[in-house]
Amino acid sequence: MLERLANKRILLGVTGSIAAYKAAEIVRRLRETGTEVRVVMTRAATEFVTPMTFQALSGNPVHLELLDAQAEAAMGHIELARWADAILVAPASANFLARLREGRADDLLGALCLAKDVPLILAPAMNNRMWRDHATQDNLQTLKSRGVLVFGPDEGSQACGETGTGRLQEPSNIVAQLADIFKGGALDGLRVLLTAGPTQEAIDPVRYISNHSSGKMGYALATAAMEAGARVTLVSGPVSLAPPAGVQVIPVTTAVQMAKAVMAQLNATDIFIATAAVADYRPAEVADEKIKKSAENLTLNLTRNPDILRTAKQTMPGVYCVGFAAETTDVMNHARAKLTDKGVEMIAANLVGTAAGDSGFGSDNNTLILCTRESEVTLPLAPKNKIAREVITHVARLYPLWRQTRKDSAQILRFGKPPIS
Ligand code: CTP
């Protein structure tokens, strides 16, 4: 279960409580699972533990001040909120609960909690009477009603010498519950096939035609599909990314190899997501030896590569197919045309090139418009792993509806009347 935390980005908020020292153990355990951790401390927290401890354990600088020009230049507070997959505040003091309820943004952690659009989890720790107090309980109920998750607190002996409810949950418990947040399930039992990255089309033994695709979007989608419970196969062109844990990767170089690998897998596929930037053409002939320069101009004769997505849809109409439209202009028109032309269920329209700014090829961020025959959904600029999860959520929602519609129309064709539902 803890492997769900691998490669996740957790922003850990530490507030002023004697239990702050236990947050160090949380960071250590998170790091052991391969989680990226950034720590934000309130001023009161630094009275209990030094930032240096968290810096050493997390491997990242600790964020302390809202108006720190140097820290803002490195990673602004809005960027930091957007960086995270979840925000965990452990320990969360009674004072912090009150401030959070009020929506105070006069320190860094408060501002981050307002700017976030990811799960916010609190692990409270305080004296048992402070915990029981009406004000604290009232704050807690309000926060819960706003969707804030609360882990603990535990019952037992407290630092103040009293016994009761208010102890920070054990770090191992907190980490285990955090992993649960990332449990998928939306694609449980389904088989997802993806293509990713560029293809390379040889000109001669040392040169090739290719493009700027980094493969990041495809790899993020493969990870998101795996996290959602799917069995995932990723046919990948040459990229410099580590294979995602739990995903079967089939490395290929050329479009023809990619097409063959996809066709071989299609029989055992429910959903096919084509993110690869497949070279549309390859040199008609590959020179056996390195081409030496001689004439002023050199003309390469190119031949069309197979359209993998179109062929996949034609071969297996029962596979739900998602394509990407990587365009430098007029994205929506091209996307709609590709939806019809390739006969697929969804096209994710993707602006690339200089107009894309901080998104598209090579970037860690992306923005997409998911285009189906019935709807258009915009996914605003966000890290590719977040966008990937949103795409998977949409696909998981639409896939069963599409299956049902196919079944219904097959029945109408066979029996001439709609099925009884
Ligand atoms: N695609 C594919 N095989 C190809 C070309 C494209 O599977 N030979 C897939 C891509 O992975 C993507 C979608 O088709 O999901 C659209 O790719 P794109 O390059 O945007 O469009 P093309 O069909 O190549 O058309 P054009 O280059 O003219 O825009």
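Why are tyrosine 399 and tryptophan 402 separated by about one helical turn? They sit three residues apart in helix α14, so about one turn separates them.

1. **What we have.** This is a predicted model, so local features need pLDDT of at least 70 and side-chain atom pairs count only at pLDDT 80 or more, while totals for chains, interfaces and linings use all residues. Residues are numbered from 1 along each chain as its sequence is written, and side-chain values use heavy atoms, with hydrogens and water left out.

2. **Overall.** The protein chain has 14 helices and 19 strands (DSSP runs numbered from the N terminus: H or I of at least four residues for helices, E of at least two for strands). Its C-alpha atoms fill a box of roughly 85 × 70 × 35 Å along the principal axes. Of the 421 residues, 48% count as buried (under 20% relative accessible area; exposed is over 50% and partly exposed in between, with a 1.4 Å probe and protein chains only).

3. **The largest pocket.** It holds about 840 Å³ of space, and of its 38 lining residues Ala276, Ala277, Val278, Asp280 and Phe324 are the closest to its centre. A pocket here is an open set of points on a 1 Å grid over the protein atoms alone, where a 1.4 Å probe fits, with protein on both sides within 12 Å along at least five of seven lines; lining residues have an atom within 4 Å of a point. Grid points are joined across faces, edges and corners, and the volume is the space filled by probe spheres set on the points.

4. **Who lines it.** The elements that each supply at least two residues to the largest pocket include α10 (216-227), α12 (308-315) and α13 (331-342). Strand β16 gives the largest share, four residues. By class the lining has 16 nonpolar, 13 polar and nine charged residues (nonpolar: Ala, Val, Leu, Ile, Met, Phe, Trp, Tyr, Cys and Pro; charged: Asp, Glu, Lys and Arg; polar: the others, Gly among them).

5. **The second largest pocket.** Domain 1 (2-180) and domain 2 (191-412) both give residues to its lining, so this pocket lies between them; the bounds come from an automatic or database domain assignment. It has about 600 Å³ of space and 21 lining residues, with Asn7, Tyr219, Ala220, Thr223 and Asn385 nearest its centre. Helix α10 gives the most, six residues, and α14 (384-415) supplies at least two. The lining divides into nine nonpolar, four polar and eight charged residues.

6. Tyrosine 320 and tryptophan 402 pair edge-to-face, at 5.2 Å centre to centre with 80° between the planes. That pair links distant parts of the chain, β16 and α14, 82 residues apart. Back to the opening pair: tyrosine 399 and tryptophan 402 have ring centres 6.1 Å apart and planes at 35°, so this one is tilted. Tyrosine 399 is buried at 6% relative accessible area, and tryptophan 402 is buried at 15%.

7. **Charges over rings.** Lysine 8 lies over the face of phenylalanine 182, 5.0 Å from the ring centre. Arginine 38 does likewise over tryptophan 83, at 5.5 Å. The cut-offs are NZ of Lys or CZ of Arg within 6 Å of the ring centre and within 35 degrees of the ring normal.

How values were computed: Phe/Tyr/Trp six-rings, centres within 6.5 Å; stacked < 30°, edge-to-face > 60°.
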